Amino acid sequence: MTTPAVGVLLPRDLPADQVLPFARRADALGFDELWVVEDLGFRGGVAQAAAVLAATDRVHVGIGILPAAVRNVAFAAMEAATLAQLFPGRVTFGIGHGMPGWMRAVGAWPDRPLTFLGAYTQALRTLLRGGTVHDDELGVTGVALEKSSVPDVVPEVLLGVRGPRSLAVAGRVADGTILAEPTTPQYVSGALAQIAAPGPHRVVAYGVAAVDDDESAALAAARPGLMWIGEPDWAPHLVGLPFADDLARLRASSADAHAFAAALPDEWVAELALAGTPEQVRARLAALGTVGATSVGLTPVGPDPVAALDQARARGAGVTGPTGVPGATGATDGPR
């Protein structure tokens with residue numbers, strides 16, 4: 001079995017004075033990757049990545065994800081190339097559609113989202129390699145980075161998507177795919193079949209994480225992090241699970257997301273989260289690696305995210321220290 005690289009997500013609502021201490025702690029504890037997210041109304045992904053890269057020594061930083069339609073691809077390439085030059089080999093860029101409701105709210109939902117995302121990804125990768133882009137879909141003509149700005153170490157570009165057609169786009173044009181939580185072995189296997197990449201393709205799997213010597217305590221801690229999985233956008237994550245229909249019925253009968261999460265049976269939580277004893281979590285990580293996940297991004301839960309980092313590391317939940325494996329990245333698109 002192959003154990004994937006292990007990373008951690010920087011909570012999007014972490015108080016500002018804790019952001020850099022959290023990043024430094026993840027670096028010091030030996031996590032392979034640190035993921036920052038860009039969700040509407042929270043913090044910007046590029047600014048977060050720059051700050052934590054400068055504040056840390058070795059951890060690989062992934063942005064997961066930048067919604068493509070809100071940034072002109074030439075300016076996105078300038079940001080990506082700058083970070084890649086300043087921190088060579090330490091950054092990965094995740095892009096995606098963004099949540100449709102958010103993108104429509106800011107007037108940035110393209111007319112042809114699948115076509116747009118594919119063109120955007122190809123253009124960004126071309127620009128980062130020093131090429132010139134002409135693309136009517138993007139409204140870009142004769143654009144290129146100046147030679148002095150082309151990075152020697154080209155960062156990988158991954159797509160944070162989940163619908164079958166979007167996964168197929170990722171397989172054709174991206175270096176890898178980011179799968180939002182909850183990520184089960186069944187979900188990874190199904191996604192890879194839809195990705196159908198012709199060559200090597202990274203898969204970053206996010207998962208709600210809680211590690212404790214007491215399995216019941218770990219499952220209780222993880223449960224609130226699963227409150228959204230009953231919503232329609234999360235249906236692709238549940239395909240192939242024996243309790244998928246029962247879960248849908250539970251959500252339909254629950255007063256709200258909090259009541260739904262509280263009613264989730266322990267055995268479902270154990271399948272949907274990286275939660276349990278250290279041995280159980282290590283086995284879960286190995287299972288994800290066996291089906292093709294190259295990286296796992298742990299989403300810490302609980303009132304003290306830094307303490308959750310320490311707990312995961314102290315209990316040896318698969319954190320193996322620096323591996324040299326690049327990492328990639330919060331939100332993905334809706335099912336498409």
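**Notes on the model**

1. R112 and E137 are joined through their side chains in a salt bridge, with N and O 2.3 Å apart; the term denotes a side-chain nitrogen of Lys or Arg within 4 Å of a carboxyl oxygen of Asp or Glu. Because R112 sits in the loop between α4 (100-105) and α5 (113-128) and E137 in the loop between β5 (133-135) and β6 (140-143), the pair ties together parts that are 25 residues apart in sequence. Helices (H or I, at least four residues) and strands (E, at least two) are DSSP runs, numbered from the N terminus. R112 is partly exposed at a relative accessible area of 48%, and E137 is partly exposed at 27%. Here buried means under 20% relative accessible area, exposed means over 50%, and partly exposed lies in between (1.4 Å probe, protein chains only).

2. The model is predicted: local features need pLDDT of at least 70, side-chain atom pairs count only at pLDDT 80 or more, and totals for chains, interfaces and linings use all residues. Residues are numbered from 1 along each chain as its sequence is written, and side-chain values use heavy atoms, with hydrogens and water left out.

3. Side chains of opposite charge can pair when their charged atoms come close. A search of the whole structure finds 12 salt bridges. One of them joins the side chains of R12 and D39, at 2.7 Å from N to O. This pair links distant parts of the chain, 27 residues apart: R12 is in the loop between β1 (5-9) and α1 (16-29), and D39 is in the loop between β2 and α2. R12 is partly exposed, at 36% relative accessibility, whereas D39 is buried, with a relative accessible area of 9%.

4. A further salt bridge connects R223 with D266, whose closest N and O atoms are 2.4 Å apart. R223 belongs to the loop between α8 (215-222) and α9 (244-253), while D266 belongs to helix α11 (residues 266-272); the two are 43 residues apart, and the pair links distant parts of the chain. R223 is buried, with a relative accessible area of 12%, and D266 counts as partly exposed at 36%.

5. Helix α6 (residues 164-173) packs against α7 at an angle of about 65°, and their axes are 7 Å apart. Axes are lines fitted to C-alpha atoms, for helices over the stretch in contact, and angles run from 0 to 180 degrees between N-to-C directions. The crossing of α6 and α7 is right-handed, that is, the near helix is turned clockwise from the far one by less than a right angle. On the α6 side the contact is made by P164, L167, A168 and G171, and on the α7 side by A191, Q194 and I195; contact means heavy atoms within 4.5 Å.

6. Which residues of α6 are buried? They are S166, L167, V169, A170, G171 and V173. Their cover includes α5, β7 (157-160), β8 and α7. S166, in helix α6, has a relative accessible area of 0% and is buried. Its C-alpha atom is separated by 29 Å from that of F260, 94 residues apart along the chain.

7. Helix α2 holds A55. A55 and A23 are 32 residues apart in sequence, and their C-alpha atoms are 7.5 Å apart in space. Leaving out residues up to four places away in sequence, A55 touches L20 and R24.

8. A cis peptide bond joins G64 and I65, with omega about 5°, and I65 is found in strand β3 (residues 60-67). Another cis peptide bond joins E181 and P182, with omega about 0°; P182 is placed in the loop between β8 (176-179) and α7 (185-195). A196, a residue other than glycine, has a positive phi near 50°. A196 lies in the loop between α7 and β9 (202-211) and is exposed, with a relative accessible area of 56%.

9. L40 is found in the loop between β2 (33-36) and α2 (45-55) and counts as partly exposed, at 41% relative accessibility.
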